[in-house]
Amino acid sequence: MKARFLLIAVLAALLLACGSPRKLQGPFEVWERTVITMSDSVMYVFVTSEFMDSLELRATCRDLSEEELRSDLLSMLSTKMLATVRSPQQGGVGIAAPQVSLRRRVVAVQRLDKPGEPFEVYPNIRILAHLGDTVRGPEGCLSIPGMRGIVPRSEGVVVSWTDPQTLQAVTDTVHGFTAIIFQHEIDHLDGILYTDRADTVFVNQAWLDERAPYEAEGAYDKPRWLYGPEA
Ligand code: ZN
């Protein structure tokens, strides 16, 4: 009897040890914790020209749990996503978590409609309603560098997210270019890129020229550890 119990215990331990490292307990999965803690303050941004990155950019993202919303890891991720989108080598107006390899519903958006045009982070965000006419304007994406497209979007949106402090749902109605940024970033959370919606896509040479010196410095090189748990 004792031997059988021992056998079961050993098998259980083996099963636990062999189980996917992504399924261990705690806020965020092991791989997500690795990305958040190991990334530099300016994170590597996934690009469609890299095959593995392009698959990640097509993934569907899920919400954060209450524990994750309250965790220091979300604060760290927010800080790093903000530093990334605002960095001179990126210089964007928005970024979404799958662009930094996390399949989570988190985006950072520059609120061009607010005084001081602050960048803000929105966990568990979704669009509740599209408002107004369809408008067409140019868009670019940090994950498709050097390209722009003319994209039809709603003039306004009602968005909802969870405040990580109060854990309450917050809604906001946004119009103009800020509403376009929200639509672009929230699309990323469903694996949709602006090129899927664009009427036309074209090369933006000025952007390529801006990136060239950073590229020469290796500012866009993918860290070796980011190739995945199996790398
Ligand atoms: Zn984008």
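**Exercise 1. Work out the order of the strands in the open sheet, and say which strands stand at its edges.**

Step 1. The open sheet has three strands in the order S1-S2-S3, and their pairing is antiparallel.

Step 2. Strand S1 (94-96) and strand S3 (119-123) each have a single partner strand, so one side of each has no neighbour in the sheet, and these two are the edges.

Step 3. On average, neighbouring strands here are turned by 15° against each other, direction ignored.

Some ground rules before you go on. This is a predicted model, where local features need pLDDT of at least 70 and side-chain atom pairs count only at pLDDT 80 or more, while totals for chains, interfaces and linings use all residues. Residues are numbered from 1 along each chain as its sequence is written, and side-chain values use heavy atoms, leaving out hydrogens and water. Helices (H or I, at least four residues) and strands (E, at least two) are DSSP runs numbered from the N terminus, and two strands pair if DSSP finds at least two bridges between them.

**Exercise 2. Find the bridges between S1 and S2, then find the helices that pack on the sheet.**

Step 1. S1 and strand S2 (residues 106-110) run antiparallel and are joined by three bridges. Look for Gly94, which stands opposite Val109 in S2.

Step 2. Helix H6 (residues 176-188) packs on the sheet and touches S1, S2 and S3. The direction of H6 makes about 160° with that of S2. (Axes are lines fitted to C-alpha atoms, for helices over the stretch in contact, and angles run from 0 to 180 degrees between N-to-C directions.)

Step 3. Helix H5 (residues 72-86) also lies across S1, S2 and S3, at about 135° to S3. Contact means heavy atoms within 4.5 Å.

**Exercise 3. Check the span of H5 and list its buried residues.**

Step 1. The expected span of a helix is 1.5 Å times one less than its number of residues. For the 15 residues of H5 that gives 21 Å, and the end C-alpha atoms are 21 Å apart, which agrees.

Step 2. Now pick out the buried residues (buried is under 20% relative accessible area, exposed over 50%, partly exposed in between, with a 1.4 Å probe and protein chains only). In H5 they are Leu73, Leu74, Leu77, Ser78, Lys80, Met81, Thr84 and Val85.

Step 3. What covers them? The cover includes helix H2 (30-38), helix H4 (66-70), S1, S2 and S3.

**Exercise 4. Name the protein donors of the zinc ion and describe where they sit.**

Step 1. Donors are N, O and S atoms within 2.8 Å of the metal (3.2 Å for Na, K and Ca); water is not among the atoms, so sites may look incomplete. Here the protein donors are Cys141 (SG), His184 (NE2) and His188 (NE2), at 2.1 to 2.3 Å from the zinc ion.

Step 2. Along the sequence, the donor residues are spaced C-x42-H-x3-H. Cys141 lies in the loop between strand S4 (126-139) and strand S5 (147-162) and His184 in helix H6, so the pair ties together parts that are 43 residues apart in sequence.

Step 3. Cys141 is buried, with a relative accessible area of 3%, and His184 is buried too, at 7%.

Step 4. Skipping residues up to four places away in sequence, His184 touches Glu139, Gly140, Cys141, Arg153 and Tyr194.

**Exercise 5. Zoom out: how many helices and strands does the protein chain have, and what share of its residues is buried?**

Step 1. Counting along the protein chain gives eight helices and seven strands.

Step 2. Of its 231 residues, 43% count as buried.
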